Amino acid sequence: MKIFRSHFVQSFLALLSVHAGTVVGGTLLPIAMARIVGAEALGIFATASSFGLLLLAIIDWGYETRLPLLVSQTPDDVSSYIGAAQRAKTRLWLLATSVLAGGYGVFMLVHRNTAAPQSLPYLALPVLLYGVWALVRALAMTYSHALRGLQHFGIIARVENSLTFVSHLLAVGLLAAPLVISFAISPSLVVSAVVACLIAGEALKSIVFMRYLQHENRHTSEERPAPPSSSIFYGVIPLSMEHLVFVMMQALSVVQSRVGIYALTLLATQIEVGYFSAVARFTIALRILPGALFNVLLPRFVRSPQPETLRKALLLGGCIGAIGSAALYVCAGGLIWLIYGERFAHLMPLLRVIAWLFLLQTLVNILEPYLLAHKAEHFVNGTLAMALCVFAGMCVLFPVDTAYKAAFASVGMEIILVVVYGVKSLILLPQKKSASMP
């Protein structure tokens, strides 16, 4: 029990530091850009990064969830899984960029005599470089996903944190260089140089991860024949229902995490969207905790699916979630005043509603990997789709046209997920227990 607790805490803290490093780097770099270069450069950076993150979500193709599962089940085949994933991601990137380039060409042709595309040339280079970043980041993530399946969380934390820090520090140093500050250099070129720093960091991550895995394979395994082609995806983009279920899960999860913003964008004013987004920043920052729990627990539940493992995880996660939500609730007024100033003091009740999302999301990120470890992928997808349909129904019956309504609807959706996941997990517990009896 002590060994389990010690290893779990070490793994959790390792991945937590990775999420924290990403959040800090992604927050400080835009702040530095706005302060040193100006709002125009920040706007270009935001547009280009939004494109890159969208492209990354497309080409990851469900591997973030499925690859750790496959590697956990058959760790000896890790090299084959990695190779198949890299080929699929590269082909998806080529397909997606070809479609986007064609769409851009059609847009320019249709609007060639209007003023609409006048600003697009300034975005061309940063967007192109962020497209390259998406591919390089996706390839680095493949190694990270495989290492998660092997439960080698320490190397993930060391490489991700150190190289993320170095690449962002290099980018901030470039922004602060006298050449940028003193001379009227195009904001587009400045942003392009920053993105180039980020690309270099991701490329180095891939190299370090690849060499680490090669070293581990030499010392822990003998040469083996490749597994049959039915078990991995040689040279093609996986389109089997077995894999598409994970693609759908990733897409539904993205919508679920931003459903309040989407609803307000369609039904409310931009002021309400701004209020909800500002307050949701607190739970977004804390979301690194349930995210780390999910990544640690998924391979652990595969290898140790006993009910006791789930109980320990729920006890730990429930305590973390309850403390975090209670702290946000109690300190709501002080946090709003400290971060946003007195003008936003009226948002304190809104933060007290949204605060409970942290507890609910933590429980969801414990129950969901448990269900995935029991091959309940279709159930998870169905539950996510059902919860989103309920949310859409609430938007129609009780128009979600204020930040407060969006907050209550979001909390209600998360409660539905916790209850349904919890009931299904309880159903699975006796089955697993009885199956293990002689």
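Author: What follows sets values against definitions, one label at a time. This is a predicted model, where local features need pLDDT of at least 70, side-chain atom pairs count only at pLDDT 80 or more, and totals for chains, interfaces and linings use all residues. Residues are numbered from 1 along each chain as its sequence is written, and side-chain values use heavy atoms, with hydrogens and water left out.

Reader: What makes up the secondary structure of the protein?
Author: It comes to 18 helices and 0 strands. Helices (H or I, at least four residues) and strands (E, at least two) are DSSP runs, numbered from the N terminus.

Reader: Why is Ala-96 called buried?
Author: Buried means under 20% relative accessible area, exposed over 50%, and partly exposed in between (1.4 Å probe, protein chains only). Ala-96 has 12% relative accessibility, so Ala-96 counts as buried. Ala-96 lies in helix α4, residues 78-110. Of the 438 residues of the protein, 47% count as buried.

Reader: What makes α3 mostly covered?
Author: In α3, 9 of its 11 residues are buried. Among them are Tyr-63, Arg-66 and Leu-69.

Reader: Why is α13 called roughly antiparallel to α16?
Author: The axes of α13 (residues 307-330) and α16 (residues 356-373) come within 7 Å and cross at roughly 165°. Axes are lines fitted to C-alpha atoms, for helices over the stretch in contact, and angles run from 0 to 180 degrees between N-to-C directions. Angles under 35 degrees count as roughly parallel, over 145 as roughly antiparallel, 65 to 115 as roughly perpendicular and the rest as oblique. That crossing angle therefore makes α13 roughly antiparallel to α16.

Reader: Which residues make the contact of α13 with α16?
Author: Contact means heavy atoms within 4.5 Å. Leu-310, Gly-317 and Tyr-329 are among those of α13, and Trp-356, Leu-363 and Tyr-370 are among those of α16. The contact residues divide into 14 nonpolar, 6 polar and no charged. Here Ala, Val, Leu, Ile, Met, Phe, Trp, Tyr, Cys and Pro count as nonpolar, Asp, Glu, Lys and Arg as charged, and the others, Gly among them, as polar.

Reader: What makes α3 oblique to α9?
Author: α3 (residues 63-73) and α9 (residues 241-257) pack at an angle of about 135°, with their axes 8 Å apart. That angle makes α3 oblique to α9. The contact includes Glu-64 and Arg-66 of α3, and Glu-242 and Phe-246 of α9. By class, it has 4 nonpolar, 3 polar and 3 charged residues.

Reader: Why is α9 called roughly parallel to α17?
Author: α9 and α17 (residues 377-397) pack at an angle of about 30°, with their axes 9 Å apart. Hence α9 is roughly parallel to α17. Phe-246 and Leu-252 are among the α9 residues that meet α17, where Leu-384 and Leu-388 are among the partners.

Reader: What is the phi of Trp-61, and what is that of Lys-375?
Author: Phi of Trp-61 is near 55°. Phi of Lys-375 is near 60°. Most residues other than glycine have a negative phi.

Reader: Is Trp-61 buried or exposed, and is Lys-375 buried or exposed?
Author: Trp-61 has a relative accessible area of 17%, so Trp-61 is buried. Trp-61 lies in the loop between α2 (39-60) and α3. Lys-375 has a relative accessible area of 59%, so Lys-375 is exposed. Lys-375 lies in the loop between α16 and α17.
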